[in-house]
Amino acid sequence: MCGIVGYVGPKSSLEVLLGGLRRLEYRGYDSAGVSIIAPGGQLETRKKAGKLDNLIAEITSHPLPIANIGIGHTRWATHGAPTDGNAHPHLGGPTSKLSLIHNGIIENFSELKAELLALGTKFNSETDSEVAAHLIAREFDKTGDLPTAFANVVQRLHGAFTILVIHEDQPDVVLAARRNAPLVIGLGDGENFLGSDVAAFVEHTKRAISVGQDEIVILRADSIEIRTFDGVPVIPVEFTVDWDASAASKGGWSSFMAKEIADQPQAVADTLMGRLNSDGSVRLSEIDGLSADDILNIDRIIMVACGTASYACDVAKYAIEKYSRIPVQVELSHEFRYRDPIVTKNTLIVAVSQSGETMDTLMATRYAKEQGAKVLAICNTQGATLARESDAVIYTHAGPEVAVASTKALTAQITAGFLLALFLGAGRKQLATDELHGLGRQLLKMPALVTEVINNLDLARQLGKDMANAKSVLFLGRNVGFPIAMEGALKLKELAYIHAEGFAAGELKHGPIALIEEGQPVIVIVPSQRDADSLHPKVISNIQEIRARGAKVIAVAEAGDTEVAQYAEHVIYVPKSQSMFAPILTVIPLQVFALELSTAKGLDVDQPRNLAKSVTVE
Ligand code: F6R
């Protein structure tokens, strides 16, 4: 979860590190810290509990010298409370000449700590990470060679880690190691960077290398060397980052979340770009690796994801099953991995993740691969571990998502899910050409419809402000509206810290309707009236049932639905669309509602309590 950045080159390392940490702060914000080595000078460290601004205040009152090498860290606490002492970097050795930052969990830290305590090592924190700092410092004192000392120690560590180290006696090199936690190199001209993801350095360079599992990086201003933990040289594969650096800054917006909600027309358009021809036919060159036979042989799709990304899967399931007739199962990655699931070589695993670093999803896909299944990733982050480890990747082109609560990544994931559904529908010959092209043309209209929604959010905003004192809000939906109800509830829980639950509207009468009492706000996603087999009348009945028991209903409905207005206190209208594709529209008022309600409560919408964006522990 933590964010990691490293730099060596001619620029002020402090500026590069703080800029990188600002972009990585979404990964954790329990504490932040930096270490630098000034030319001919000593290692200097500043660290502080709380958000990055606290560290900046600390540096302002205790300035650092100009330096050209350094490492920086923003923490999501695992071992040890979020205090100044537990903040990274951690210093190693009796003379504290080595500085280390770590993302992940060192599972065998207690036995390593016992070994160090027996040797008389003094610890300054309660973290698992500090053991690695002392071990490497001791090993360096023995061997006199920092890369060798580093390699000897990382081989002894169990668990998940990205570790960066600098040492006062070798002031031109940053060492890094990666196992089960993300690490990317940024290649500059006479300077090089390390980051947990490309957002750390996209402002400085778009040339990047994704570091593989159990690899060590020796980073200097004018060279990079990659070796396996066993010392075998690795030939790096460079890629170009297609994120725009300005996309990772707030611009004039009040929050990253507000900006990212507004980015959605572009996120959907960019995800469709080049994948739908103007006649509506689908082109997914990324999965060219799947032959016509492979597609015909798929007997089941299992979609694995967590949180918001799992709701994108829930929506995609409706489309894939309807258009391709392949059975789809959606599984929370952590549940899937540990329940002995049935996976065969004819199972297609579709793993959906914005970050591509969610450990639960990585573990699920690794397990599925071991069983012989093919893995297709839907991922937003180039160079991410999930993308590297999958057989094929459909990138969502939502651009960097910085706010912890996912918004544009979700609409882009749903869009990619629809593309996949049409692609498989065509491959399995379940859709006639006319029908396929018609659906493709409808999908092409979505960016413009998303813009219309974004331009008409006043009511959703006002309701969010007006309901700042609500203690509980329920969300109902049916069919593709059901996952959107779940997502609406998740947004409210994570941003406004109030009780919220999403239900399938038809399920209410089987129990949850007991929750309804006078004044209970319920937001209902109402399906279109226009389809022959529309669930509209059923949802209207569900609304009547809860109104009869005192619920205050807010409906999210399609433009022109006058019937629903008779039964709801408020109706938020979204434009008419192909009803399968409507989730891309109906989710947006719910995002804005949660944002406004949270803001009205005075909470930090970009960095809600207890969370981190990229959950790299299981
Ligand atoms: C909620 C949210 C999370 C993520 C989940 C998966 O707003 O952002 O629920 O969707 O942690 O993250 P990724 O997509 O990076 O795997």
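**Ground rules.** I worked on a predicted model, where local features need pLDDT of at least 70, side-chain atom pairs count only at pLDDT 80 or more, and totals for chains, interfaces and linings use all residues. Residues are numbered from 1 along each chain as its sequence is written, and side-chain values use heavy atoms, with hydrogens and water left out. Helices (H or I, at least four residues) and strands (E, at least two) are DSSP runs, numbered from the N terminus.

Entry 1: Six strands make an open sheet, ordered 5-6-7-8-12-13, with antiparallel pairing. Two strands pair if DSSP finds at least two bridges between them. Strand 5 (90-92) and strand 13 (224-228) are the edges, and each pairs on one side only. From one strand to the next the twist averages 20°. Angles run from 0 to 180 degrees between N-to-C directions, and axes are lines fitted to C-alpha atoms, for helices over the stretch in contact.

I then followed strand 12. Strand 8 (residues 170-179) and strand 12 (residues 215-219) run antiparallel and are joined by five bridges. Strand 12 also pairs with strand 13 in the antiparallel sense, over five bridges. Which residues stand opposite valine 217? I found alanine 176 facing valine 217 of strand 12, and isoleucine 226 as the bridge partner of valine 217 in strand 13. The hairpin from strand 12 to strand 13 goes through four residues.

**Entry 2: a salt bridge.** I count 26 salt bridges in the structure. The criterion is a side-chain nitrogen of Lys or Arg within 4 Å of a carboxyl oxygen of Asp or Glu. I picked one: the side chains of aspartate 172 and arginine 220 meet at 3.2 Å, N to O. Aspartate 172 is in strand 8 and arginine 220 is in the loop between strand 12 and strand 13, so this pair ties together parts 48 residues apart in sequence.

**Entry 3: helix 3 on helix 4.** I checked how these two pack. Helix 3 (residues 109-118) and helix 4 (residues 129-143) pack at about 50°, with axes 10 Å apart. That makes helix 3 oblique to helix 4. The classes are roughly parallel under 35 degrees, roughly antiparallel over 145, roughly perpendicular from 65 to 115, and oblique for the rest.

Which residues make the contact? Helix 3 brings Phe109, Leu112, Lys113, Glu115 and Leu116, and helix 4 brings Val131, His134, Leu135 and Arg138. Contact means heavy atoms within 4.5 Å.

Entry 4: I moved on to five strands in an open sheet, ordered 21-20-22-23-24, with parallel pairing. Strand 21 (499-504) and strand 24 (570-574) are its edges, each pairing on one side only. The twist here averages 20° from one strand to the next. Strand 20 (residues 472-477) and strand 22 (residues 521-525) run parallel, joined by three bridges. Leucine 476 stands opposite valine 524 of strand 22. Helix 17 (residues 481-496) packs on this sheet and touches strand 20, strand 21 and strand 22. The direction of helix 17 makes about 175° with that of strand 21.

**Entry 5: backbone exceptions.** Most residues other than glycine have a negative phi, and most peptide bonds are trans. I noted a cis peptide bond from histidine 88 to proline 89, with omega near 0°. Proline 89 sits in the loop between strand 4 (69-75) and strand 5. Arginine 325 is not a glycine, yet has a positive phi of about 60°. I place arginine 325 in the loop between helix 9 (307-324) and strand 16 (328-332).
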